Amino acid sequence: MSNPTLAVSLDQTPETGTSRPLTRRDFQSKQEIRWCPGCGDFSVLNVVQKVMATLAVPPHQVAVVSGIGCSSRFPYYVDSYGFHSIHGRAPAIATGLKCANPELSVWVVTGDGDGLSIGTNHMIHCLRRNVDLNILLLNNRIYGLTKGQYSPTSDFGQRTKSSPHGSIERPISPVRTALAAQATFVARTMDSDPAHLAQTLEAAARHRGTSFVEILQNCRVFNDGAFDAVTARENKAEGRILLHHGAPVRFGAGDRKGLVIRDMEPVVVHLDSDGVAEDATLMHNAQAKSPALAELLAALAPPDFPMAFGVFRSVQRPTYDELLMDQVRQSKARRGVGDLHALLNAGTTWEVE
Amino acid sequence: MTTDIDTCCGLVEVQHATVRFAGDSGDGMQLVGSQFADIASLVGNMIRTMPDFPSEIRAPAGSLAGVSGYQLNFGDEQVSTPGDAPFVLVAMNPAALKVSLGDLQPGGLVIVNEDEFTESNLKKAGYPENPLADGSLEGFRVIPVAMTRLNDEATRSTGLSPSQRARCKNFLALGIVLWLYDRPVQPVLEWLMLKFAKAPDVMAANGAALRAGYNYANTTELLRVHFHVAPAKLPPGRYRRVTGNEAAALGCIAASHRAGRKLLYASYPITPASEILHELSRHKEFDVLTLQCEDEIAACCAALGGAFAGAIGVTGTSGPGLALKTEAIGLAVMTELPLVVINVQRAGPSTGLPTKTEQSDLLAALHGRPGESPVVVLAAATPADCFHLAFEAVRLAIRHMTPVILLSDSFLANSAEPFAIPDPARLPELRVPTPKADNGDFAPYRRDPETLARPWAMPGMRGLVHRIGGLEKQDVTGLVSYDAENHRRMVDLRAAKVAGVAQSIPPASVEGPAAGDLLVVGWGSTYGAIAAATRQARAAGQAVSHLHLRYLNPLPHGTDEILRSFRRIVVPENNLGQLASVLRARLPLEITPWPKVTGQPFLIREISEAIQELLSRE
């Protein structure tokens, strides 16, 4: 990978490694991991390292950028370039990084507080611009690093250190926020299902443009069991829908439940008892022109509905960094590579003898 | 100017002259003002300009709030400010007259468009009586010209509509002033041909108006005299006119070009810094990436992300934006990345006076960050100096791996002067060594022993993979460290690195004798007024010198010795005494602040008053 516009070559030394395929170990740093025992972040870290190896992008071409919070310690543990920045600003730093070197594979790791409280503004604008980044939002619905205050995704009524009488705030939905910001790739997955996590992250990484993945992540210490209603083994069948593009939306025992829309509202139907034909139920289409279906699926939540997981939306749109580079290329094609002498001498000039 | 215009006749030689064009914001005053500046430059004058436009985008026509002015001082090489008081005022309507009259020299010329002194326009300007008739302009030489009517006649034969033709009268006014100062019309006609090549009717109408104004003044003997302004003895070379913001943009491009890096300029629109973004966004062929970000914080972070990737990361702003960038600048201090922040100061605090000038962000730039957070601080002295200091800011940022704040201000941003165009090949080479991938023992915080800079290893480079962040770093390895002794060492190292920049910059030097009765210390845009006033004092035999600080942190070597060599020190600043307090904290000397916080730059006269006041103290 070379970058012709950078005068300094990025590949200064010959390939020193062998041509063996990359493994997870190639992305493991020597830094001691300091998350609490049993934290869902471990699972996400393992899977991310595996996916990075699968993608076969060498570690020196990868950069992980984070903000502040438990999940934002992530870059220290991945043996790639990393930038542990300030609270909420990772998307902005990653935008500058990606624009300055579009060859890089840039990952943003953020949390519910970092990405959707202090940094919501940057998140929304990054998604709208479609900068080619992979954004992983680890949602544990709690402030962990500051020891247990409610977060913007905490449930209404949730009792925490800073809401002893119950939170009086409605939670923000990461997926619905991303859809509203016109994100081109939006998915939801969970720490407790490494296979689903891996396939979702790989799809996200292969998408060109901003990929936004909400990862439900359990905080053992301050919010244990927050996602039991959808992730616990006994709730798997009734609590979650696994979305597949082009396939009917199914859940329940033997996948015999589906959804229909009545009066603009989703309604659960049982295929064996409600007299609804198989092909009359809702099909998933992640590439639909309208984001309405994705929004409808994203809003499904217990107790009335299961929660949907997988890729809600995956559409193609030119990326910000690509468009920016196009303008640079076009300017060079039109005016030639910048001539400093001509620039400085432009306009009305005069000579003093 | 003391010429008695009623007893002389013919062409009178003067050393310099100050003219102000004032009219409605739609009257094209900025355009003819800058044209006049170009003509003055072309015939060899030193110039310095100052536009004054309303903060409202479209204030009601004829209102006081809608007056747009362009002041120009031109003459020999002594010209260093836009002029204390205009000798000639061109007033296109009653509001323009009312707004500007108080600034005019006693006995000055007032050229008014008498056609616009209608009852309705007089009322909009708040004149109960017509000032052209009620004797209130006694003490000035008033020259009423029927500009609207003359312009209408001159442009009638063109194919334009009456409203299009009416817009040409600024060129009629310019024609009159060109005659008054014995300047040629031909270069303006040539400029019109280029500018309106695709609109020949517009070109012809403006040209006709220009000639009509010139010929009217010539044939009616508007005055018995007209003036010839002495040319300047400027160093040989090719020149162009630049504003501070243009110059800063060019300096950034030149520096990134000489560094062989992309320039990533990230900014959020803010008065008076936006023109830097506008200018840079037009030059993508130089690998200039401009990002208009969602806010000031994002702009600073994107520039820092660009710097991490190996680009020249620059962000620009003004006071309110500098406040928002504070945390990200702290991150740049901790990660020791080269980040340039251009702060075009305006009158604050808060939104303040967005279009007025002030120098009140000095302490914010020096100290306005939590933690021990040293940065390099530079301040441009003149519009053209913005080029050199933008270049210098990049040089120091990448040589020392540190954030640099470059202070400009609203006055410099909009004021113009001749810029001696440098030969690009003779600008310093800014390439920094790329770290070598050594066998697995690359250490991101292993410092250069001379500059204490850490290596600039960019993502994408094999063998140099590392992590940085806002947590304290272990010396050399750059790993996260909570160790107390390590923190103390790193705080000291970061301070020593920035202090060591003094080795890379020129020592302090004074204009005037190296010791004496009074030292006038300035920084930033006060340069011109202080230089002129101290020169005048020395011409009058007074032992007054001028120290101008373009480097505020670290201060150049020799600063303390110079300060100690004078009996008294006065520091004129467009704030309540910020540099004075910095200098007092440094040396036990009596240092007198001389504040001006009216949103306007210092006049030469005001600095002279400070000098005489200080010299008269016993």
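**Two chains, their contacts and their packing**

Guide: In chain A, of the contacts between residues at least 6 apart in sequence, 64% join residues at least 24 apart. Two residues are in contact if their C-beta atoms, placed from the backbone, lie within 7 Å. This is a predicted model, in which local features need pLDDT of at least 70 and side-chain atom pairs count only at pLDDT 80 or more, while totals for chains, interfaces and linings use all residues. Residues are numbered from 1 along each chain as its sequence is written, and chains are lettered from A and ligands numbered from 1 in the order in which they are written.

Visitor: What makes up chain A, and what share of its residues is buried?

Guide: Chain A has twelve helices and eleven strands, these being DSSP runs numbered from the N terminus (helices H or I, at least four residues; strands E, at least two). Its C-alpha trace spans about 95 × 50 × 45 Å along the principal axes. Of the 353 residues in chain A, 45% are buried, a term that requires 20 or more other C-beta atoms within 10 Å of a residue's own.

Visitor: Why is α4(B) called roughly perpendicular to α6(B)?

Guide: Two packed helices are described by the angle between their axes and the distance between the axes. For helix α4 (residues 147-155) of chain B and helix α6 (residues 169-180) of chain B, the axes come within 9 Å and cross at roughly 105°. Angles of 65 to 115 degrees count as roughly perpendicular, and therefore α4(B) is roughly perpendicular to α6(B).

Visitor: Which residues make the contact of these helices, and how do they divide by class?

Guide: From α4(B), M147(B), T148(B), L150(B) and N151(B) meet K169(B), L172(B) and A173(B) of α6(B). The contact comprises four nonpolar, two polar and one charged; Ala, Val, Leu, Ile, Met, Phe, Trp, Tyr, Cys and Pro count as nonpolar, Asp, Glu, Lys and Arg as charged, and the others, Gly among them, as polar.

Visitor: How do you know that strands β19 and β20 of chain B pair?

Guide: Strands pair if DSSP finds at least two bridges between them. Strand β19 (residues 516-523) of chain B and strand β20 (residues 544-549) of chain B have six bridges, in the parallel sense, and V521(B) stands opposite L547(B) of β20(B).

Visitor: What makes β18 and β23 of chain B edge strands?

Guide: The open sheet has five strands in the order β18-β20-β19-β22-β23 (chain B), with mixed pairing. At its edges, β18 (510-511) and β23 (591-595) of chain B each pair on one side only. Helix α17 (residues 527-539) of chain B packs on the sheet, touching β18, β19, β20 and β22 (566-573) of chain B. Helix α20 (residues 604-616) of chain B lies across β19, β20, β22 and β23 of chain B, at about 145° to β19(B).

Visitor: How many residues does each chain give to the contact of chain B with chain A, and which element of chain B gives the largest share?

Guide: Chain B gives 66 residues and chain A gives 59 residues. On the chain B side, α11(B) provides the largest share, nine residues. By class, this side of chain B has 36 nonpolar, 16 polar and 14 charged residues.

Visitor: What joins strand β2 of chain A to β17(B)?

Guide: Three bridges join strand β2 (residues 81-84) of chain A to β17(B), and the two run parallel. Within β17(B), R467(B) is the bridge partner of G82(A).

Technical notes:
Axes are lines fitted to C-alpha atoms, for helices over the stretch in contact, and angles run from 0 to 180 degrees between N-to-C directions. Angles under 35 degrees count as roughly parallel, over 145 as roughly antiparallel, 65 to 115 as roughly perpendicular and the rest as oblique. A residue is buried if 20 or more other C-beta atoms lie within 10 Å of its own, exposed if 12 or fewer, and partly exposed in between; C-beta atoms are placed from the backbone.
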